[in-house]
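Please examine the sequence and the model shown here before reading on.

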Amino acid sequence: MAAAGVIAAGVVFYWQQVSEILAADVKLNVAAAGKEAASDFDRLLETDEQVLASLALTVQDSYPWADSAQLTDFLRRQTNHNYFKLLGVITADKKLYLSSHRNFTSAFVADISARTLEQGKYLSVRQADPLDGADVLVQSVALYKEGRPLGTLFALQLPDRYQPLLTLSAMGDKGSSLIIERSGNLVLSPRKVGFKNIFSQLDKTLPGSKELAKLRQTVSNGKTALISAPLDGRTRFLYFIPLGRNGWYMVSSLPTQFVEERAQHLAVLSLILFASVFAIFFSLIFYILHMRAYSNRQLFATAFVDNLTGADNFNRMCEMFPQKLAELHGRAALVIFDINKFKVINDLHGYERGNQVLQRIAQVLREHVSPDECFCRLSADNFILLLKYTDRRSLLARLHTLNTQLRRDCTVEDSCLMIDIAFGVYEIKEEIPFYIMLDRAHLALEKAKKMSVDKCEFYDEADRKRIVAEKQIENTMEDALRHGDFAVYLQPKCDFATGEMRGAEALVRWQSAGGKIVRPDDFIPIFEKNGFILRLDMFILEEVSRLLAAWKIKGLKQVPIAVNFSRLHLNDSRYIPQMLRLVNKYGVPHELIEVELTESVIFNNLEHAQNIIRQLHGNGFSVAMDDFGSGYSSLNVLKDLQFDSIKLDKEFLRGFEHNPHAQKVIKGAVAMIKTLGIKIVAEGVETREQADFLQGIGCNLAQGYLFAKPLTITDFEHRLNSGV
């Protein structure tokens, strides 16, 4: 009886342990699967949104829509070519053009039109008459022509298109996802559910719960959350993930019964084995030891083995790392690598073939890594290695050999797609936590991925400092703009002969709250990447417009001022309307604003640039090409686009004084440009010798330190009105 009690207690304890481990594992899997589903859902919405935006450009260009049949036929063809169920155009006077005949309520049409024109674009799931009263997903974008609103292009889509993304296939189709608003109101679901607001439903089963109140607050703040709670008749793991649109959330749900079933399966197996042991009393010890070993293997595999490749997982790597590093006496390197664009393999050949590639990689690493070293699969196609290290040269040779073997043995069969691997290396030189070493290897990997060949990079402390500095700039840029830390300076454009100022270029300077000057070369590229440059450019335009208006009120002399605009503006439909709104707000004549676009920006989107320049000229603005001669596209750009002035890049002019060949090239370029009737401004003029040559070959204006450095507004006004 005592033995039976011990066995029973052991079974109960074992069952509890397995259940806890499985529950923790399932929570992690639910979170991972939920994030993947949310990413796929966001990506699908973004794809539809981009298609709709592209169609909007075509519809705008065809305005006025004199032939309604032609517009309707275009909408019908685009509906057939894309995944939309219906496309329509609502004109400013509420006329309606549809890809197929449907009856809409006037309220439905008016609401879409009003919301779209107010927000620029619109996304919602709502009730609509045209599809038999079913819920439809509505996406729309405003239509403009030369800054004037024309109406709205909208698309209707049945929720069926998005419902496959609401099934957690990674969890064996046991789970599902809902799309809700931050308020908890239901937006989309894979099947009919018995509630309209998830928080109200949870409140019925968890009345007054502090956990529910905390969940509401977390969701309100736009953060992720994971809870276990009764919902729709079953206790579930619920993972709340914010989406990138409308403040929507994806709630991934998996019944806790899923864990219980897996635990019961293992527990039943254990009970059978223990019962056999109890029945054959003399084999009791043998069976107990056997089951103990079996259980340990199961727990070890769950905790420390990657279930796809059979290699160690990250948990095992973390556990072994201190011991392995000690065995290597600290002379080691931490290497992380992955396959560039591994998703392409899955997309072209299926996940099964992609999994085979990962399994082969693990086999190659087993052959390559010695017993005193170690490796693990981190996630997806990411692998981590701890290798012996003597010097960079020998490690690079070893990684090159490994890369060659991986490319040879792990490429997908019957495919011309060769795997492309990038390595990030951290040379272990100090005693720091493992996760910091891993972060540094990751930094090196990100840098390696940007290389075209020999994608292997070692961690450099300068990279970490650069990233920290960039993050600091991003953290403070909003406050800096709000508190007036950005200031506009003006660099004069002067007459070569007299030095008289004929215009200026607006430049931005940033002085932080602590008095530190942040160089434009440090913050402009960051703003280009994160999109903040759009706001900064418009801030500069408004400051220039305010300044010109103030000069007029004071009776001061006015000269044209050039404002630089980022390439991002060319893809922003709000660009021209925003310019007009700001300049007209201060009553500034448009001819006093010169728009500067860089050569590289124009060449990257030549056809769209033509349209933008035509609109700018149509509104009375002059347009200059900046940095002429900095690339290879200048002549092609001059052939296709009409500019009012050209600014010769200072690098194009560098060193020409002692280079007769360069002088001939510059002289020829200037002569050609002059034949087009375009003014020429020379940048970076620093010596009288440069000025005399450039004036002699026909340049109109000079900009550089020989004539004036960038000036504060006060200094510029003094010099402009004193004639100095």
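Is Cys-699 buried or exposed? The model is a predicted one, and in it Cys-699 is buried, because its relative accessibility of 6% falls under the 20% limit.

## Cysteines

A disulfide is a covalent bond between the sulfur atoms of two cysteines. The structure contains zero disulfides. Cys-318, for instance, takes part in none: the nearest cysteine sulfur belongs to Cys-376 and lies 7.5 Å away, whereas a disulfide requires a pair of sulfur atoms within 2.5 Å.

Cys-318 has a relative accessible area of 32%. This residue is therefore classed as partly exposed, while Cys-699 is classed as buried.

## The five-stranded sheet

Five strands form an open sheet in the order E13-E14-E12-E15-E16, and their pairing is mixed. At the edges are strand E13 (374-379) and strand E16 (456-458), each of which pairs on one side only. From one strand to the next, the twist averages 20°.

Strands of a sheet pair through backbone hydrogen bonds, either parallel or antiparallel. Between E13 and strand E14 (residues 382-388) the sense is antiparallel, with five bridges. Phe-375 is placed opposite Leu-385 in E14.

## The helix across the sheet

Which helix lies across E13, E14 and E16? Helix H12 (residues 434-449) does so, and it also lies across strand E12 (332-339) and strand E15 (421-427). The direction of H12 is at about 140° to that of E15.

Technical notes
Residues are numbered from 1 along each chain as its sequence is written. This is a predicted model: local features need pLDDT of at least 70, side-chain atom pairs count only at pLDDT 80 or more; totals for chains, interfaces and linings use all residues. Side-chain values use heavy atoms; hydrogens and water are left out. Buried means under 20% relative accessible area, exposed over 50%, partly exposed in between (1.4 Å probe, protein chains only). Two strands pair if DSSP finds at least two bridges between them. Helices (H or I, at least four residues) and strands (E, at least two) are DSSP runs, numbered from the N terminus. Axes are lines fitted to C-alpha atoms, for helices over the stretch in contact, and angles run from 0 to 180 degrees between N-to-C directions. Contact means heavy atoms within 4.5 Å.
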